[in-house]
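Dear colleague,

I am passing on a structure that will be new to you, and below it I have set out what was found. Please look through it with the notes beside you.

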Amino acid sequence: MVSILATDQDNPDRSKGNGQGKDSRSSEAQDLSKAPVAPNGNKAIPEKSAAQKNEKPSGAELKKRAKAEKAAKRVQSKQGQQAPPNDASKSTKPENKKLSDEQESIQSSPQHPPANLQHRRSGSASATSQRPLQLRPGQQQAPAAEPESRKEPQKLAFISHLYGIPRRTSIAGAGKDVHPSILALGLQMSNYIICGSNARCLSTLLVFKRVIEAYVTPPNNSLPRDLTIHLSAQIDYLKSCRPLSVSMGNAIRWLKLTISTIDPDTPEHQAKTKLCSAIDSFIRERITVAGQAIASSASSSIQDGDVIVTFAKSSIVERTLAEAYRQGKNFQVIVADSEPLFEGRNSAIALANLGLQVQYASINTLSHFVQDATKVFLGAHGMMSNGRLYSRIGTALVAMMARDLDIPVLVLCESIKFTDKVALDSIATNELAPSHELGFIGTGVGKGVEEDEWRSASNLVGLNLMYDLTPAQCIHMVITEYGSLPPSSVPVVQRLSTNT
């Protein structure tokens with residue numbers, strides 16, 4: 001009886017349409033009261049009459065039935081593709097699982113989707129309610145990104161001003177205006193393939209020739225103005241690879257001054273030819289001819305039976321010793337060397353191949369072999385205006401040891417390495433190389449120390465200075481292309497070379 005009443009309530013149009021709603025309900029109730037009792041004690045519901053069976057449902061009822069059938073099919077198809085439910089869904093109470101037909105039809109309608117099929121945003125769902133992502137067969141889940149635990153190298157406070165931008169070791173991030181030859185030169189300098197003040201200066205000028213030859217003046221611009229800006233981008237890249245040497249700085253200043261003197265009305269081809277010829281003349285006069293003059297002057301001071309001590313590698317010192325050997329003089333050479341670059345190896349091998357008697361020793365044994373020396377020849381990275389020598393670290397130790405033993409110290413230096421700067425120590429101005437190079441570059445023995453090993457030690461600080469400063473009192477004479485002079489005359493030569 002309850003089901004019959006619910007059907008009539010759902011179809012009010014049916015009762016109103018025939019005008020006999022009340023009579024039909026009363027007659028049906030009387031028939032139910034007179035119905036026979038079933039064996040189980042419940043009253044048997046009589047079958048509907050033929051008129052009631054043939055009666056057609058209304059349009060609203062047909063629409064509702066169609067929607068319910070579609071929703072049921074949709075739910076069945078989704079449940080077939082859905083993963084098996086978790087344990088939490090199995091532990092629900094049985095009375096909550098059983099729903100009436102009316103409630104199922106309401107939940108299966110498009111307006112009310114089932115609770116387990118409601119869409120949840122990944123951002124608002126809790127961690128416990130989210131299901132793991134199902135992967136395809138054979139597919140592996142990507143490992144979670146590990147936090148970067150790389151430590152920065154320790155820094156010393158008293159040289160904190162030397163910690164600048166880390167040295168560039170690749171062409172990544174280089175500007176689009178940087179010439180390919182500049183890119184290659186910067187990496188060669190950074191990796192010590194091109195090392196030494198003269199070699200770096202010479203290579204820079206030769207590469208600048210290529211840059212000038214490939215340069216094209218933009219429209220509505222003049223060559224003297226725009227070429228200087230274009231070269232500044234090349235110079236900045238070289239600085240990022242390694243700080244400029246004293247000779248490179250002097251050569252760049254000279255080149256910019258030469259560019260500024262070009263008449264803007266000069267044709268581009270003629271102006272570039274003039275600049276390339278000026279660079280060739282500068283290399284020939286300030287590097288090549290100057291080196292020959294210094295080698296000729298310094299070789300005359302070598303006598304038979306001398307024991308010459310030199311430190312690391314210097315191209316002008318090698319040329320001087322080779323010139324003295326070609327003159328038929330009999331003397332011995334002791335090459336002192338130190339880490340991390342061990343440049344003296346190449347110098348000792350080159351001199352030995354010429355036929356000289358060469359002894360190669362570490363700077364740790366300096367106090368033993370310097371006692372047999374008669375002269376000390378040193379190269380220079382730069383000569384300061386106050387007469388102090390700025391050269392590879394370890395040079396000051398050799399010079400001071402020789403001074404204590406009254407051994408003359410001769411510095412061979414071209415005027416292009418002279419500067420008007422004044423230095424009192426090697427801390428205010430210096431080049432700081434990466435600390436891991438102390439046990440990695442050029443050793444050739446054992447296992448090198450990787451950079452990560454330096455970073456992992458929190459109480460280990462590496463100090464790798466490239467140059468030191470030798471006091472003027474330890475220098476006996478400075479030999480240049482202008483002649484031999486005391487360290488106090490360095491400012492005079494510097495002004496003379498700048499004016500010419």
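Which residues lie nearest the centre of the largest cavity?

The residues nearest the centre of the largest cavity are Ser 338, Glu 339, Pro 340, Leu 341 and Arg 392, and they belong to a lining of 14 residues. By class, that lining is made up of eight nonpolar, two polar and four charged residues. The space inside the largest cavity comes to about 90 Å³, and the count of cavities of 30 Å³ or more is one.

Elsewhere in the chain, helix H12, which covers residues 246–260, packs against helix H13, residues 268–299, at an angle of about 145 degrees, and their axes are 11 Å apart. The crossing of H12 past H13 is right-handed. On the H12 side the contact is made by Ala 251, Trp 254, Leu 255, Thr 258 and Ile 259, which meet Leu 275, Ala 278, Ile 279 and Phe 282 of H13. Of the residues in this contact, eight are nonpolar and one is polar, while no charged residue takes part.

As for confidence, the average pLDDT of the chain is 79, and 70% of the residues score at least 70. Over residues 1–51, however, the pLDDT is below 50, and this stretch has 25 contacts in the model beyond near neighbours in sequence. Residues 441–448 also stay under 50, with 10 contacts beyond four places in sequence. Where pLDDT is low, the predicted coordinates should not be read in detail.

With best wishes

Terms used: Residues numbered from 1 in each chain as written. Predicted model: local features only at pLDDT ≥ 70, side-chain atom pairs only at ≥ 80, totals over all residues. Heavy atoms only, no water. Axes fitted to C-alpha atoms, helices over the stretch in contact; angles between N-to-C directions. Helix = DSSP H or I, 4+ residues; strand = E, 2+ residues; numbered from the N terminus. Left-handed = near helix turned anticlockwise from the far one by under 90°. Contact = heavy atoms within 4.5 Å. Nonpolar A, V, L, I, M, F, W, Y, C, P; charged D, E, K, R; others polar. pLDDT = per-residue confidence, 0-100. 1 Å grid on protein atoms, 1.4 Å probe; cavity = no way out; pocket = protein on both sides within 12 Å on 5 of 7 lines; lining within 4 Å. Points joined across faces, edges and corners; volume = space filled by probe spheres on them.
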